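Colleague: I'm new to this one, and I'd like a close look at a single part. Could you walk me through the sheet?

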Amino acid sequence: MLKCAPGAPRELFRDLDSWDLLNLRSEDILEIPDRLAREFGISSRFLESTMEKYIVQSTGMNTLNANWGVKDSPKFLIASTKHYSWPKGVALAGIGSDNLVNVPVDKHSRIDLVALRHALDHCLAEHQAIYAIVGTIGTTEEGAVDPLAEIIELREEYQKKGLSFLIHADIAWGGYFTSALRDPLAEWNSQWPVSSSSTTEGAQDASTFDRGYVPTVSLKPYTIHQLEALKGADSVTIDPHKSAYCPYPAGGLCYRDRRLRHLLTWSAPYIQHGKRGEDIGIHGVQGSKPGAAAASVYMHHSMIGLHNQGHGGLLGEVSFTRARMAAHWATISDCSTPYIVVPFNPLRFEESPYSADADAVESEKEFIRTRILGRSNEDIVKDPDPGVLAELRSLGSDLNINAFVCNFRLKVTKQKNLNEAITVEAKQRSKLGSGAADPDANAKEEDGDGDEQWEWVVNVSTTTLRKPTTSTGVYLIAPPRPILAKIRGRRRCSSPLPS
C-alpha cells in the first residue's frame, strides 16, 4: 500500500505505524472495502460484522487511541472567526473543543495562510495528526471567504511531506452564491404561464419573463475563485434557510466521494424502507426530521432555478443593494460630523500603494459621493465610465455582510491619551443613562477648561454588537484586532464640532 507521500515505497498495511495510518489519503482509505471485495471476494456484510468491535462507534475515542498508540488526539484547524456551532459539534462528538485549533485571520477576517502554514509545519514536526482543515465561505459576522483554493494546494504540498488531512468547506451561508456563476440549462423556460381561467378574448400568448430593471452586481474575482474551488473539498455543509431564503430547518451535508457517508451509518430497523432500501437518518446524526423543509427546498430549486437567471440573479440584486449601503457607510462621516463610521473592509486606495496618502483615500470617498450616492440604480449601471461599477463592486465584504465601527468624537485636552479619553467617555455615558441633560457640560466638567480639541475615540473594549448605551440609539460595533491598527493609523480630525 502506498503511503500518502508520492514516491514512497509500497508497504503492507500491517507494516505501517500509527502515524502512517493516520495520514493515508482519504481516497486510499475509502478504496479498501472495494479492493477487498474485488481482489479477495470479501463481502461488505462480512467486513461490517468483523470490524464492528474495532471501530470508534463501538469502542469510543479513548479506547481506539489507546489500542493504536495515539497519544495526542488529531486536531481540526479552523479560522478564529468560525461559527459557534463548531466547538459545540466537536464537544458532542467526543473530540473535545480543545482539539479545535483556532488559526489567526488577516485584515479581511480570512484565515491567515502564513499562520496556517506555521501550524502545519508544527504538526508535521511533532507528528500531530490532523482530522481536517475547515474553510468558511461566508463568515456570519464579517462575510469573509477563506482562501479555499490555496488550502487545497497546501494539502497537496504537505501530502508529499507525509501529512494528509480532509478539507471541509463550511458554505452554510455562502454556498448558494455559486448559483450566480452558472448559466441556466438549455431547457429552462423563463415564461409567465397563461392562466387556465383566461377567456379566449382576453388571453395572451405566454411572453418571455420580464424581470424589469433590477440591477445586479457580480461577485468579486477573489470570491468567484474560491467558490470555483469547492469541487476540491471533501465535504461541505450548506443551509438553504440562509442565503436560499428557505424555511427552517433545511440543511445539507454533501460529500465529494459518496462513500464517505458510509463512515457514519445507522439504521432504524423498525421502519419499512421499501424496495430501494432507503433509510431515515441513516447517514447523519439526526434521526426523524420533517419533510416539509426538504420539499420547500426542492420546490425552490425547481421553480426559481440555481443559475444566474434564477436564484443567482436574486443574490446579485441583493449584492447590488449591499454595495450601495456599503457606499454610505464608507462616506457617511467626515471631519464635520460628531461621529465616525469606519467600514471593516478597507477601500481600494487603503489597500493600494497609496494607502498612506490620506488625500488619495479622501479622493476615493469623494468619487463615491459624487458618482454613486444620490443616483438611481439605472443611472449607475448605465454610466459609461466602467470605474463606477468597479468601485461599487469593490465595496464591502466578500459575501454580502457590511460590518463597520461607529463611535462618537469626544472633547478631550491635548494632554489626555486614548485610555483617559475612553474613561471620560464611559463616565459621560453613565451620566447620560441616568438622565443628564447637558452632555457638553459633563464633558467640560470632566475635561477641565484648558486647551481643547476634538479627537476620534475608538471603543477598543467592546467586542460584540451591543445594545444602545446612550439615548441616541446608535449601536457600537467594535472591530476585530486587524482593523484596530488601521484605525489607529488614520489621520485624526481636529476640526471643531458643528454647532
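Modeller: Here's a walk through the sheet, strand by strand. First, a word on the source: this is a predicted model, where local features need pLDDT of at least 70, side-chain atom pairs count only at pLDDT 80 or more, and totals for chains, interfaces and linings use all residues. Residues are numbered from 1 along each chain as its sequence is written, and side-chain values use heavy atoms, with hydrogens and water left out.

The chain has 18 helices and 9 strands; those are DSSP runs numbered from the N terminus, H or I of at least four residues for helices and E of at least two for strands. Our part is an open sheet of 6 strands, running β2-β1-β3-β4-β5-β6 with mixed pairing. At the edges sit β2 (100-103) and β6 (252-255), each pairing on one side only; two strands pair if DSSP finds at least two bridges between them. From one strand to the next, the twist averages 20°.

Now zoom in on β4 (residues 166-170) and β5 (residues 235-238): these two pair in the parallel sense, over 3 bridges. Within that pairing, H168 has S235 in β5 as its bridge partner. Helix α7 (residues 113-125) packs on the sheet, touching β1 (75-79), β2 and β3 (130-136); contact here means heavy atoms within 4.5 Å. The direction of α7 makes about 175° with that of β3, with axes as lines fitted to C-alpha atoms (for helices over the stretch in contact) and angles running from 0 to 180 degrees between N-to-C directions.
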